[in-house]
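Thanks for coming. I will take a few minutes on one model and keep to how its parts pack together.

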Amino acid sequence: MVPVTSPDFRTHFAPDRVAILGGGPGGYEAALVAADAGAQVTVVEDKGLGGSAVLTDVVPSKTLIATADAMRRVNASTAFGVRFGDHSSDAYETEAWADISKVNERLLKLAHDQSRDIQASLEAIGVTIIRGRGRLVPPHHLEVTTAGGETQLVEADAVLVATGAHPRELPSAQPDGERILNWTQAYNLTEVPEHMIVVGSGVTGAEFASAYRRLGAGVTLVSSRDRVLPGEDADAARVLENSFARVGVQVASQSRAEAVERTAEGVRVTLTDGSVLEGSHCLMAVGGIPNTEDIGLAECGVETAESGHILVDSVSRTTANNVYAAGDCTGVMPLASVAAMQGRVAISHMQGDAVKPLKLHQVASNVFTSPEIATVGVTQEQVDSGKYQADVVKLDLATNPRAKMTNVKDGFVKIFSRKGSGTVIGAVVVAPRASELIFPLALAVTQKIHVDDVAATFTVYPSLSGSLAEAARRLHVHL
């Protein structure tokens with residue numbers, strides 16, 4: 001019998017030409033995977049590689065927050081016995097101040113350097129980059145209009161849409177880039193605001209409120225709910241509210257901004273109850289709108305939700321053949337890490353590789369306030385509602401020796417383990433650098449690690465990570 005040679009299905013069916021609309025995390029990560037698989041890849045981007053995540057959102061905002069945190073540590077250093085100024089004098093200079101022009105100059109340079117590095121990485125592996133605005137044309141090609149008005153057709157066997165989102169604007173609170181700002185315009189300031197009114201108490205609003213207060217601005221946070229960060233762990237939100245109160249952030253809870261207008265010396269924010277807030281600046285942080293309008297989705301059979309977000313499944317497929325989507329334009333989860341994973345999953349799926357569908361309960365996320373709030377997996381709300389049966393241990397960092405040494409006063413570790421099996425199914429960390437501390441617990445959630453295995457793993461002494469193991473040890477008694 002003559003043996004039958006099995007065809008290489010992945011090679012036979014994989015698209016030779018992949019076009020990507022949008023060069024943000026979802027787009028450029030997908031381009032790297034597609035090029036590595038041997039496809040001819042074209043990325044269409046009109047602002048710069050990295051998209052808004054690198055140029056106007058994640059990179060600049062987290063750099064601003066890092067500066068604010070540096071000021072916090074400097075100003076708190078007197079508690080360690082650190083002194084500034086003349087040793088022979090009892091008058092010490094203890095207050096740092098921010099040169100906001102230099103701060104913004106640095107963060108914008110970092111953003112553009114990162115964008116340039118991404119472009120260089122893509123070009124080095126043969127990815128074609130076209131600067132311009134693109135739209136889908138049937139069946140799955142891209143028509144690109146350059147800044148000069150020229151058009152060209154990019155033919156492809158499959159396309160990934162990763163167009164991101166832009167700030168939502170209220171008709172009665174139009175940003176002017178000077179006094180009334182959206183989050184992309186915050187880096188135009190030449191001096192620290194005297195009094196910044198932040199409208200919106202979600203992640204973006206809370207982060208900017210925390211940063212500007214640490215930079216020396218007076219801050220009022222307008223929250224439509226009864227607490228800040230309504231979508232986060234309630235215990236974590238309370239810690240942040242207490243921190244806000246201690247450093248002087250004013251919170252106008254259960255309030256909505258009806259209108260924002262400029263005055264001779266600043267801004268006036270009128271709330272729906274008729275009360276008025278006066279400030280020097282106003283930052284609008286009221287959500288985002290997907291960049292899906294007029295890009296040819298309907299013509300190609302790509303369905304969208306009422307909100308404008310592209311409908312995708314867990315492997316990033318849309319309702320149109322050979323059209324995938326990733327990132328904020330899908331509304332799955334507005335995180336750069338999720339966008340990047342969606343992009344990678346999309347390419348692997350279209351290439352015919354084995355792929356793990358996106359599992360949102362495994363996503364680790366972080367709020368870059370002071371202190372930071374990191375979460376992964378099952379939430380307290382899901383446990384309280386009965387959706388998950390779990391044992392919970394919450395361990396305050398006040399008992400941690402490293403926390404005492406570094407003058408950390410706020411924070412805790414909370415771990416959820418599944419009743420019966422003892423595997424880690426969720427966690428919350430509130431602490432400085434919680435974004436780094438959450439990783440071992442995210443690994444435990446993803447790999448279904450038992451709390452005893454977390455507890456039995458050596459940690460450095462002294463370290464904040466020691467509280468992760470201690471919380472796991474305390475869960476053992478529930479098994």
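Predicted model: local features only at pLDDT ≥ 70, side-chain atom pairs only at ≥ 80, totals over all residues.

Residues are numbered from 1 along each chain as its sequence is written, and side-chain values use heavy atoms, with hydrogens and water left out.

The pLDDT is the predictor's confidence in each residue, from 0 to 100. Its mean over the protein chain is 94, and 95% of the residues reach 70 or more. Residues 1-6 have pLDDT below 50, and beyond near neighbours in sequence this stretch has 0 contacts in the model, a contact being heavy atoms within 4.5 Å.

Now the cores. A nonpolar core is a set of buried Ala, Val, Leu, Ile, Met, Phe, Trp, Tyr and Cys residues joined through side-chain atoms within 4.5 Å. Buried means under 20% relative accessible area, exposed over 50%, and partly exposed in between, with a 1.4 Å probe and protein chains only. The largest core here has 42 residues, and Leu64, Phe208, Tyr212 and Leu215 have the most contacts inside it. Among the elements that each supply at least two of its residues are helices H4 (58-76), H5 (100-124), H6 (203-214) and H7 (234-247). Helices (H or I, at least four residues) and strands (E, at least two) are DSSP runs, numbered from the N terminus. H6 gives the largest share of this core, 5 residues. Another core, of 28 residues, lies apart from it and includes Leu397 and Val408.

What does Phe208 touch, leaving out residues up to four places away in sequence? Its partners are Ser61, Leu64, Trp183, Ala186, Tyr187 and Leu283. Ser61 sits in H4 and counts as buried because its relative accessibility is 5%.

Next, the helix pairs. Axes are lines fitted to C-alpha atoms, for helices over the stretch in contact, and angles run from 0 to 180 degrees between N-to-C directions. The H4 and H5 axes come within 9 Å and cross at roughly 140°. H4 and H5 are therefore oblique to each other; angles under 35 degrees count as roughly parallel, over 145 as roughly antiparallel, 65 to 115 as roughly perpendicular and the rest as oblique. Residues meeting H5 from H4 include Val59, Pro60 and Leu64.

H6 and H7 pack at about 30°, with axes 11 Å apart, which makes H6 roughly parallel to H7.
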